[in-house]
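Hello,

Here is the structure I said I would pass on.

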Amino acid sequence: MTMRMLVTSAAIVIICLTSAASGRALASTLEPISESRVDGPRVPLRDDEVLETLPRRLLESRGEIQRMRRELAAWPGDAQLAARVAGELVRLARASDDPRLYGHARAAIARWWDDPAAPSGVLLIRAKLKETDHDYRAALADLELLLAREPGQVQALQVQALVETASVALVVADFGRATAAADALERVAGPMQAVFARAPLLARTGRAGEAYDLYGRHLAELRERSPGVVAWVETARGEIAEMLGRLEAAERHYRAALAADQSDRYLMRALADFLLDRGRAPEAMALLENHTADTGVLLAYAIAAKQSGKAEIARRSTAELTARFDAIRLRQGTRHLRFESRYELELGGNPARALELARQSWAEQKEPRDARNVLEAALAAGDAGAANQVIEFMAQSRIEDVRLRELAARLGAR
Amino acid sequence: MSWTVVLRVVALAIALVGSISGEAHAHKPSDSYLRISTGSEGLRLRWDIALKDLEMIVGLDSDANGEITWGELKARQSAVFEYARSRLSISVDGQPVSLVPGRLLFNRHSDGGYAVLELGTDAPGNPGRVSISYSLLFDVDPTHRGLVLVGAEGGSGTTHVLSPELSTVEFDLADPGPWRSFLVFVREGVWHIWIGYDHVLFLLTLLLPAVLVRRDRKWTPVDELRPAVWDVAKIVSCFTLAHTITLWLAVMDHVALPSRWVESVIALSIIITAAHNLRPVLPSSMSGLVFGFGFGLVHGFGFAGALKDLGAKDLALGSALLGFNVGVELGQLCIVLAVLPVMYRLRHRAVYLWVFLRLGSIAIAALAAVWFVERAFKVEILGW
């Protein structure tokens with residue numbers, strides 16, 4: 001009797017196992033189809049209707065890119081050439097805001113993609129590409145591989161790798177690593193050059209005043225010798241001033257940065273957030289109006305429109321953001337969780353979802369904006385406990401930021 | 001290295017690092033959208049390919065002024081179709097089909113303009129199993145994805161994401177029909193009970209005392225199999241009935257409970273049931289039914305999330321609910337049938353009472369307590 005039961009049970013277990021495990025297509029999802037369509041397909045009426053505009057930078061470099069590709073096709077094993085081509089494509093990707101160019105850069109170094117013994121120039125590009133894909137740990141690993149090699153090698157590569165290491169380490173809040181990179185950069189290139197790695201680190205670890213002064217001391221020299229970085233430095237100074245609550249100074253720095261570079265979208269987002277925090281939404285709108293190809297800019301623009309009472313613009317911008325996020329979800333690509341969290345909170349009116357996204361984002365990256373997203377969402381959702389990790393992090397890193405401190409206090413008071 | 005050179009290198013690094021990492025770039029990487037449908041004209045495709053991609057591969061901007069016009073696109077129509085066809089191969093029911101170029105149109109997506117290629121095929125009517133092999137752009141852009149969309153527009157359908165790592169896909173085009181949809185949900189139900197280790201653990205905890213009976217405040221093994229089987233059947237039925245009710249309520253959105261609360265109470269249900277095994281308060285004939293039904297209500301909410309994620313609300317709801325439930329029951333039945341004979345055979349031995357029932361309940365309660373803390377206070381202790 002028991003034997004029969006055992007055999008029957010075994011048979012049913014096996015049937016259930018095979019039925020549960022079969023046919024689970026991992027790549028497919030069952031969901032309503034919604035492509036990122038804005039209109040439907042149509043036949044244009046006129047031959048001279050413009051369907052697509054190519055970014056100016058891309059246009060100018062088109063001949064150059066084709067020439068490089070032909071060279072690469074002729075010499076596929078030439079790592080230096082591949083790294084050069086990939087580097088050029090990465091620069092273009094930044095300038096033209098088109099991530100497909102990162103894909104092209106990746107194709108250029110494809111044969112070395114999984115190779116730990118890849119040449120150093122290739123490693124640097126590989127790290128950069130992984131970083132743009134939010135694969136920060138892998139990027140740091142590649143940089144470490146590069147730096148572990150003979151220090152006597154190309155110093156330019158080493159310097160770039162150290163700056164990159166410091167920057168990426170800060171994104172994941174690996175302060176030990178960032179410090180080591182800044183120290184190494186100082187040894188290799190001198191204290192002045194190390195400012196670019198040192199100052200951002202100081203700003204995040206409770207020595208913001210020092211960081212501010214460090215930038216200030218070297219600004220004149222930088223302006224003279226390397227004007228290209230002035231915008232970057234002034235933006236950094238503006239952010240630190242904002243952290244310290246020195247609002248007039250912050251605005252001065254942002255405006256100075258804008259004067260040096262009118263198309264830096266990171267700067268625009270920083271200044272826009274500054275203006276939104278001061279209740280100057282219409283100014284923010286004017287600043288961002290022509291740059292909404294960038295998703296972060298579009299987000300700030302939508303928020304500014306909403307706060308300015310421009311309901312129609314807010315609605316349209318929100319719909320466009322939704323389409324962009326949906327398109328990324330459809331391709332199962334790397335999501336902009338930082339943006340999505342704020343979108344859910346400020347435009348979607350969904351604090352619970354915003355909090356969930358903010359926490360997911362926090363797991364990947366730990367910059368002040370990510371902390372702020374968690375705190376704001378937690379406050380709006382009435383879930384103080386959800387922000388515990390962030391508050392603990394703030395205490396440990398000793399970050400001085402008046403906005404974060406104020407948000408934390410409001411959460412604590414609940 | 002001279003000072004100025006170093007500074008230039010650093011500036012270069014800054015430019016490369018650019019605005020601080022952690023900020024995502026504007027649009028998304030390259031995608032194409034390949035929509036497959038059947039109709040009166042047989043198997044047809046509509047393929048949206050980005051103009052920026054086509055510009056890089058076949059060249060569209062003939063006057064090199066940075067603008068791609070409709071006229072310019074039309075002029076390159078055959079080159080575009082040739083390139084597209086060379087990177088796609090389709091077979092239907094094992095037979096390769098050829099792609100017949102149709103109309104060219106234009107469509108705008110969230111990240112720019114796309115050429116729309118309509119393609120007919122020489123596939124026979126009523127295509128069943130479709131197999132697609134896709135290689136557009138992968139050689140020049142490994143971040144490109146081919147999104148194969150199967151099914152009616154606006155309604156529910158399937159999306160397959162094709163990449164250099166996964167560049168082929170197979171699927172059935174014929175409408176699965178109500179029976180097959182039902183089976184899909186049965187399968188999902190079995191799967192979710194198999195991966196729902198907290199539900200399984202609750203069930204096991206509930207059933208542990210089934211082969212014993214309390215007489216004179218002591219656990220004694222039952223004399224015959226049949227009463228034990230009957231008891232188990234009653235307990236599982238109560239559990240089933242309860243979670244069916246709440247599953248239905250939750251999927252229909254008649255009742256919405258916060259998932260954090262539901263998950264915490266599920267953990268609590270395990271603790272209480274396990275504790276009761278150690279210190280029985282209710283008569284053994286009742287405890288299983290009471291806990292099974294009472295906590296079954298909460299467990300039903302736990303399943304609802306999974307069923308909702310499967311889009312049950314939009315699809316044939318009755319069939320989905322029934323199928324999913326049948327699946328859950330089958331899964332539970334498996335577990336019971338696997339466990340019950342062992343329990344019955346061992347019921348006389350001291351090891352059953354001391355190791356399985358008592359020590360087992362303590363271990364289960366401890367695990368469930370960890371889960372409770374993790375879920376109620378949103379901390380991570382074990383991570384599973």
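**Salt bridges and burial**

A:Glu251 has a relative accessibility of 18%, so this residue counts as buried. Please keep in mind that the model is a predicted one.

Which residue does A:Glu251 pair with in a salt bridge? The partner is A:Arg280, and the closest N and O atoms are 2.7 Å apart. The two residues sit in distant parts of chain A: A:Glu251 belongs to helix H12 (residues 247-260), while A:Arg280 is in the loop between helix H13 (265-277) and helix H14 (281-288), 29 residues apart. A:Arg280 is partly exposed, at 23% relative accessible area.

A second pair is A:Asp273 with A:Arg369, where the closest N and O atoms are 3.4 Å apart. A:Asp273 counts as buried at 14% relative accessibility, and A:Arg369 counts as buried at 15%.

A:Glu356 and A:Arg353 form a salt bridge through their side chains, at 3.2 Å from N to O. They are three residues apart in helix H18 (residues 351-364) of chain A, so about one helical turn separates them. A:Glu356 is partly exposed at 42%, and A:Arg353 is partly exposed at 28%.

Shared partners also join salt bridges into one network made up of A:Asp273, A:Asp277, A:Arg342, A:Glu346, A:Arg369, A:Arg372 and A:Glu376. Over all chains, the structure holds 56 salt bridges.

Regards

Methods. Residues numbered from 1 in each chain as written. Chains lettered and ligands numbered in written order. Predicted model: local features only at pLDDT ≥ 70, side-chain atom pairs only at ≥ 80, totals over all residues. Heavy atoms only, no water. Salt bridge = Lys/Arg side-chain N within 4 Å of Asp/Glu carboxyl O. Helix = DSSP H or I, 4+ residues; strand = E, 2+ residues; numbered from the N terminus. Buried < 20%, exposed > 50% of the residue type's maximum accessible area, 1.4 Å probe, protein only.
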